[in-house]
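Thanks for asking me to look this one over.

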Amino acid sequence: MAETPYPPSRPDDDPGQSHSVQPAATTPETSRPTSTNPPAQTCPQTLPLDTNTPITTIYLTFSTPLPKANNTSSSSPQCCPPQAPPPEECPDLSKYTNPTTWPPRKKYTLLLLSCIATFLTAYTAGSYSPPQHLLLRTLSGASSTTDILTGITSFCLGFGLAPMFLAPFSEMNGRYPVFVISGFVYVLFEAVCGVVDSLAGMVIARMMVGIGASVFSTMVGGVISDIWDKEERNTPMALFAGSVIMGTGAGPLVGAYMAFRWDEPSAEDDSAGGLGAKWRWVFWHQVIMGAVLMFFLVIWFKESRGSVLLSRKARKLNEWYARLEEAGFYGVWVVEEGAELKRVRWIVKEDEERSSIGKMIAISVTRPFGMLFTEPVVFFFSLYVAFAWGILYLTFGCIPLVFHRQYGWDLEKGGRVFLALIVGAILSTILSIWQERILYHPQWRAVVPGEEGPTDDEEKGEQSDAVVQTGTSEDDDEEKRTPPLSSASSTTSSASSMIEATSSTSKFWPFMRRRFPAQAPEARLYFTCLTSTLLPIGMFLFGFTARPHVHWIVPCIGITLAAMGILSVYLAVFNYLADTYHKYASSALAAQSFCRNALGGVFPLITASMVHNLGEAKAIGMLGGIATALTVVPWVLVFFGETIRARSPFASELSKRG
């Protein structure tokens with residue numbers, strides 16, 4: 001069914017009327033109410049309704065059965081035949097269905113668009129570094145390549161801060177308008193980068209590009225959480241994370257080719273004031289790709305935030321009821337103990353509980369920093385993923401420099417090494433999907449009589465449902481109870497019999513269920529304890545084998561392994577914080593996003609100095625040592641995560657509520 005987003009609004013109740021809020025019944029959603037009365041034998045003799053009849057307000061959910069509208073004039077007895085047909089039938093409500101029940105084709109269309117957008121924004125971040133020497137010759141006010149690289153820093157600054165201000169607007173108005181408006185900002189200022197001729201102008205333009213691009217990274221996790229249940233979410237999240245690393249590798253790969261081939265502008269280019277220089281196509285080809293993406297986003301991207309869809313559905317119904325009443329048809333047939341005619345208006349609980357936009361922005365900006373310095377889990381995971389992201393951004397300058405110093409490669413040939421990042425992203429994405437399937441192995445997740453199961457706190461962790469940078473409330477989660485297609489938690493009786501039979505002869509699965517329960521939030525970290533070691537291993541391999549007498553493929557393998565480790569850390573941080581902090585997850589993830597982009601913006605500025613002053617082995621080896629120390633973070637949480645969560649004011653509050 002086609003989905004067309006409409007601007008959200010609060011239900012339009014008649015002013016001056018008395019109201020009473022009633023919870024809605026929770027039965028399977030009906031498609032469209034009809035304008036017919038209930039059967040005559042059940043029709044009560046009630047007084048006719050009019051404008052003086054009080055209005056009853058009812059909370060609307062996706063599972064609320066919609067009552068039948070009255071088709072009898074308010075001036076007539078309720079059981080008499082209608083004097084005239086109602087003015088119109090119920091409007092089409094198929095546009096406002098629960099996103100978790102959308103058909104797979106529709107879900108994967110949104111995922112494809114989101115991943116392409118994420119790829120392009122990561123591509124933009126990486127493609128800026130290769131033409132730094134050309135920018136130095138062109139931009140006034142720049143005296144060194146370090147000055148030029150502040151464009152990466154300003155990009156990361158906008159990328160890290162913007163979602164804190166944009167998240168409340170996404171919560172109130174939905175994903176679609178935030179995506180579209182931010183996308184146009186991204187394309188517009190990417191075009192500005194292609195014509196600007198001063199360093200100050202480039203730095204400002206790059207910040208605006210980062211602001212526009214930020215939603216295509218931070219809020220894509222929210223879209224994934226909107227349309228997939230927790231048990232189904234790992235594969236889409238792995239594809240999303242993989243697109244980030246692949247874009248980060250593809251940007252400098254293509255940018256290095258363009259910068260090397262168009263290094264020397266022609267005399268005609270110079271006579272055009274530099275605006276016709278071929279190297280400016282480093283920016284202009286991204287403008288073209290961004291414009292094509294925006295065309296498809298405007299047409300194919302659909303609103304996915306459940307509370308916003310419910311608000312639009314409530315508004316549509318209330319407007320229809322108002323038009324019926326204007327024509328003299330009052331009330332709907334509410335079935336409780338019997339059929340009763342009432343004047344009804346629908347409201348959405350999230351709209352009632354939502355604060356003002358100013359307060360929401362204040363919370364969105366301040367709470368992440370509060371959690372960063374009061375929650376050990378948030379602090380150390382933010383530190384870990386920030387360092388990993390810094391290493392990723394360090395490769396922009398480190399890879400061409402190291403391969404030039406050790407192998408004498410030019411910029412174009414050195415840029416080809418970024419293919420190793422892309423290969424690492426592909427391999428790690430496949431590995432992440434496979435790991436999740438192992439985690440949902442029926443023998444691991446089963447509850448076998450006589451075995452000690454997961455604690456209550458771990459069971460509550462299984463119910464978590466959070467959104468990156470969007471502040472999804474717990475009430476949204478109540479609308480997402482449809483059974484997941486790939487969930488292994490609903491084990492059949494035959495599988496249970498097999499488990500009981502094998503448990504008597506095998507001690508492995510009972511041990512795993514007892515010591516490493518698959519339902520605990522820490523289950524997201526079991527495999528990360530191993531795969532995160534690929535980051536320091538890859539860095540040591542890259543730093544110590546980049547030598548003229550060692551084949552170039554060896555350090556390239558190190559880069560591939562490091563990319564796999566970075567992706568595994570990024571994916572684990574998102575999943576674990578979402579599972580642990582539930583409705584506060586957006587703030588926890590905002591904290592790590594800010595730290596991640598802060599270090600990502602700083603590392604490119606110090607790359608050349610580190611390599612020149614310390615040498616490849618010492619510089620990269622030192623960073624590998626820090627990465628080795630940080631690999632202890634997932635291990636500590638696996639063994640002591642429950643204790644740490646019990647001492648967390650945010651996690652313990654959610655545990656008590658659960």
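1. A definition to begin with: a nonpolar core here is a set of buried Ala, Val, Leu, Ile, Met, Phe, Trp, Tyr and Cys residues joined through side-chain atoms within 4.5 Å. Please also keep in mind that this is a predicted model.

2. With that in hand, the largest nonpolar core comes to 160 residues. Those with the most contacts inside this core are Trp-346, Phe-381, Tyr-393, Phe-403, Trp-444, Leu-577 and Tyr-581. Helix α13, covering residues 376-407, gives the most to this core, with 20 residues. As general background, nonpolar side chains in soluble globular proteins tend to be buried together.

3. Phe-381 deserves a look of its own. Setting aside residues up to four places away in sequence, Phe-381 touches Leu-525, Val-573, Tyr-576, Leu-577, Val-633 and Leu-637. There is also a second, separate core of five residues, with Leu-49, Tyr-330, Ala-339 and Leu-341 among them.

4. For the overall picture, the protein has 26 helices and five strands. Of its 658 residues, 57% count as buried. Looking at contacts between residues at least 6 apart in sequence, 86% join residues at least 24 apart.

5. Now to one helix pair. How do α6 and α7 pack, in angle and in distance between axes? Helix α6 (residues 220-227) and helix α7 (residues 234-261) meet at an angle of about 160°, and their axes are 10 Å apart. Angles over 145 degrees count as roughly antiparallel, and α6 and α7 are therefore roughly antiparallel to each other. The crossing of α6 past α7 is right-handed.

6. In this pair, Val-220, Gly-221 and Ile-224 of α6 meet Pro-236, Met-237 and Phe-240 of α7. Sorted by class, the contact has five nonpolar residues, one polar residue and no charged residues.

7. Thr-118 counts as buried because its relative accessibility is 1%.

8. Finally, please check Lys-230, which sits in the loop between α6 and α7. Is Lys-230 buried or exposed? Its relative accessibility is 7%, so Lys-230 counts as buried. Lys-230 and Ala-578 are 348 residues apart in sequence, yet their C-alpha atoms are 9.8 Å apart in space.

Definitions and conventions: Residues numbered from 1 in each chain as written. Predicted model: local features only at pLDDT ≥ 70, side-chain atom pairs only at ≥ 80, totals over all residues. Heavy atoms only, no water. Axes fitted to C-alpha atoms, helices over the stretch in contact; angles between N-to-C directions. Helix = DSSP H or I, 4+ residues; strand = E, 2+ residues; numbered from the N terminus. Parallel < 35°, antiparallel > 145°, perpendicular 65-115°, else oblique. Left-handed = near helix turned anticlockwise from the far one by under 90°. Contact = heavy atoms within 4.5 Å. Nonpolar A, V, L, I, M, F, W, Y, C, P; charged D, E, K, R; others polar. Buried < 20%, exposed > 50% of the residue type's maximum accessible area, 1.4 Å probe, protein only.
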